[in-house]
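I set down each thing I looked up in the order in which I came to it.

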Amino acid sequence: MVGIPAGFPAADPELAGLVPPEPEPPRFPPEARLTPRQWVRANLFATRAGSVLTVVFGLLVAYVAYRLLWFVLVSSNWEIIRRNLRLFMVGRYPVDELWRLWTALYLLVGLAGFFSAATAANVEQLARAAGRDVERPGPVDGLRRYWPVLAALVVLLSQTRTWTPTLLTLAGGVILLATRWLGRRAPGLARFAWLAALVGVVAAALVMDGPGDAEWSKWGGLHLTIFVTVAGISLSFPLGVLVALGRRSSLPALRAMTVAYIELIRGVPLVALLFFGHYVIPLFFPNTVEPPPALARAMIVVVLFEAAYIAEVVRGGLQSIPRGQYEAAQALGLRPWNVTRLIVLPQALRAVIPAMVGQFISLYKDTTLLAIIGFTELLEVAENSVSQPSFLGQRLHTVTFAFAALIYWAGSYTMSRESRRLERRLGIGERT
Amino acid sequence: MSTPAGERTRGSLAAVFFDVRVLRVLGQVVAILALVTLALYLQDNYQANTRDRSGQSGWGFLDEPTGFNIAYADFRSTQPVRDAIWVGVRNTAASAAVGIALATAIGVTVGVLRLSHSWVARKAATLYVEVLRNVPVLLVILFTGAWLQTLPRSTEAYELGGLIEISNRELVFFGTTLNIPYVALTAALALYHGSHIAEIVRGSIQAVPLGQTEAATALGLSDLQRLRFVLLPQAFRIGLPPTINQFLSLTKNTSLGIAVAYSDVSSLGFRLIGARSPALQTIIVLMIVYLVFSLTISLVFNLLNRRLQLVER
């Protein structure tokens with residue numbers, strides 16, 4: 001009998017991507033253990049040029065480290081961060097409504113914990129059914145994967161003036177562990193992960209959208225940054241995929257429209273488009289209709305901007321699918337839409353995951369541009385807080401910017417590491 | 001190809017509407033009509049909204065006086081908008097050109113260092129890349145600007161051998177005087193995009209087959225010779241297309257000059273809108289300027305790219 005091993009539905013397109021290929025037995029010579037002395041010779045003073053580099057960069061690194069430590073521990077007054085921490089985190093969100101943010105956070109943390117554990121358990125189960133050994137990641141792996149975010153969290157909590165935020169954060173950690181424990185026991189529910197993500201994000205947004213200054217168009221700080229990033233990704237991704245399909249379509253009018261859209265957007269900086277959204281979009285609405293609030297207009301621009309870039313990423317994936325895949329799908333009698341949906345898109349999207357995550361990271365970093373048209377997102381808070389009366393004229397810009405940089409860096413660096421990890425696990429870019 | 005429904009009603013008018021070819025043409029016509037209708041509707045609203053504001057229609061505003069001075073430029077408030085935009089275009093070009101050159105230099109140096117024999121140099125280069133690549137470019141620009149502001153005033157400027165002089169007002173570099181907003185923007189863009197180019201350079205060098213390195217070593221070339229004559233020329237071919245994207249991105253990011261009060265074309269556009277230039281037309285001018293920059297850069301470097309690629313059978 002030739003065919004698929006029992007209990008291993010190889011035709012499942014989701015499974016094809018999730019189970020890592022069987023690793024080849026390593027064929028390297030046994031690793032030579034270097035003595036410390038040999039290591040120093042091989043890695044620091046191997047050649048004359050290498051020795052010069054070691055000395056020069058050793059001095060440079062030592063100097064930078066000394067200046068950095070001096071900056072963090074001695075010369076800087078971190079009081080401005082301590083006093084403005086809430087402004088940095090949530091902008092002018094009213095204190096009485098903060099429970100909404102914690103509730104939304106717990107909801108998302110709970111869903112993320114449950115479904116990440118369920119998915120992992122599901123993948124394990126399938127791999128075991130196919131007769132493979134599975135290594136279960138322990139808590140140390142979690143620390144190693146997310147250390148930048150955890151480090152940023154520790155720095156944040158070290159700047160709080162009461163114990164309440166720390167306790168509430170710890171409660172979030174407990175929820176995460178509890179839901180992961182539950183999730184491991186429900187691998188069958190893993191298939192609802194996307195639905196749960198959608199429902200969770202919408203529910204969280206509804207909870208957070210409170211009365212008065214808690215209204216969504218008045219959000220600020222890191223809260224606004226994260227909101228624009230998540231909403232931007234969830235809206236621009238489907239739009240970008242549709243535009244990419246339009247660009248590859250056989251209908252000339254559709255192709256021309258999508259090409260014009262992509263090239264126009266990609267040729268122009270986001271700032272110019274944000275100006276357009278800020279000043280011009282209201283003029284396109286009839287007098288009788290109230291134009292959408294400024295944040296909605298900025299969101300429209302961000303989504304249209306990112307969608308053009310995502311479309312180009314997806315197009316790269318679509319072009320990498322061999323013709324035979326289309327032809328085989330057609331020969332099976334699939335309708336054109338099903339050829340795309342079931343055969344082409346799953347393979348194309350999988351091939352471009354790294355580039356896609358790169359685009360999401362750049363969206364996260366691009367949210368800072370909202371500061372230019374007057375939104376008080378994280379970077380704008382860093383810029384503004386130095387002109388408060390008690391901190392005026394103390395040149396604290398470098399302090400607040402360094403603090404904002406830490407938060408941006410932690411998020412972006414973690415995402416790029418996760419993307420590289422996913423790339424390795426899926427075996428993308430490896431020549432076989 | 002006709003559908004079963006088409007076979008049954010062959011010859012009747014209904015058959016025409018079930019034909020895929022007809023549907024395709026019809027769908028596209030409807031889409032174009034919908035787009036044109038939407039454009040006309042928006043134009044109608046726009047005109048209704050701007051009718052009672054003087055100077056908001058047409059292109060006459062280009063000849064009106066701007067009403068503001070531009071720092072570090074020979075420009076008076078009585079000069080027309082047209083001239084202000086031209087000042088902005090020149091400033092954008094100056095920042096982009098020098099930024100591209102510096103970013104390339106930084107990128108190649110750091111990219112090569114990431115593969116050097118020295119563990120310390122490798123780790124230092126990695127640290128630089130991983131920090132700079134993962135913070136927003138606007139933050140890098142603002143930080144550089146804020147840091148330059150902490151330098152001493154021009155009367156107590158730092159001096160380096162009489163050739164370089166830097167204060168919180170200007171940088172004198174071999175007799176050329178550069179204003180600090182320009183220095184802040186250009187240096188920040190070079191540092192940020194340099195970190196991205198460094199990754200491209202490293203990837204391209206690693207993509208050169210290992211046999212090339214081994215052959216070069218076997219020929220007795222030194223490390224530097226191997227890099228200069230064997231690895232870099234081949235890596236250059238691999239890395240040029242993504243590097244062109246970085247150049248385009250750097251040019252567009254000069255629009256963030258507004259954050260350090262640099263008078264690039266975008267920040268002047270922003271000031272012009274504030275000084276009652278019509279927003280739509282001003283932004284259209286901005287878009288045209290950037291499209292021209294983008295197209296020029298793609299054209300020049302893609303020609304270079306085509307000349308560099310190996311001609312295969």
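How many Å separate the centres of domain 1 of chain B and domain 2 of chain B, taken over C-alpha atoms? I had first to note that I was working from a predicted model, and that the domain assignment of chain B gives residues 19-49 as domain 1 and residues 63-308 as domain 2. Over C-alpha atoms, I find the two centres 42 Å apart.

I then looked up the confidence of chain A, where pLDDT averages 87 and 92% of the residues score at least 70. Residues 6-10 of chain A stay under 50, and for this stretch the model has five contacts beyond four places in sequence. Where pLDDT is low, the predicted coordinates should not be read in detail.

Next I turned to where the chains meet, and found 46 residues of chain A in contact with 47 residues of chain B. On the chain A side, at least two residues each come from helices H3 (48-75), H10 (252-266), H11 (270-280), H16 (378-384) and H17 (397-426), with H17(A) giving the largest share, 10 residues. I noted the make-up of this side of chain A as 31 nonpolar, 12 polar and three charged residues.

Last, I looked at helix H4 (residues 81-113) and helix H9 (residues 223-253) of chain B, whose axes come within 11 Å and cross at roughly 140°, which makes H4(B) oblique to H9(B). The crossing is right-handed. In this contact H4(B) supplies B:Ala96, B:Gly99, B:Ile100, B:Ala103 and B:Val112, while H9(B) supplies B:Leu227, B:Phe247, B:Leu250 and B:Thr251; I recorded seven of these residues as nonpolar, two as polar and none as charged.

Notes
Residues numbered from 1 in each chain as written. Chains lettered and ligands numbered in written order. Predicted model: local features only at pLDDT ≥ 70, side-chain atom pairs only at ≥ 80, totals over all residues. Domains from an automatic or database assignment. pLDDT = per-residue confidence, 0-100. Contact = placed C-beta atoms within 7 Å. Helix = DSSP H or I, 4+ residues; strand = E, 2+ residues; numbered from the N terminus. Nonpolar A, V, L, I, M, F, W, Y, C, P; charged D, E, K, R; others polar. Axes fitted to C-alpha atoms, helices over the stretch in contact; angles between N-to-C directions. Parallel < 35°, antiparallel > 145°, perpendicular 65-115°, else oblique. Left-handed = near helix turned anticlockwise from the far one by under 90°.
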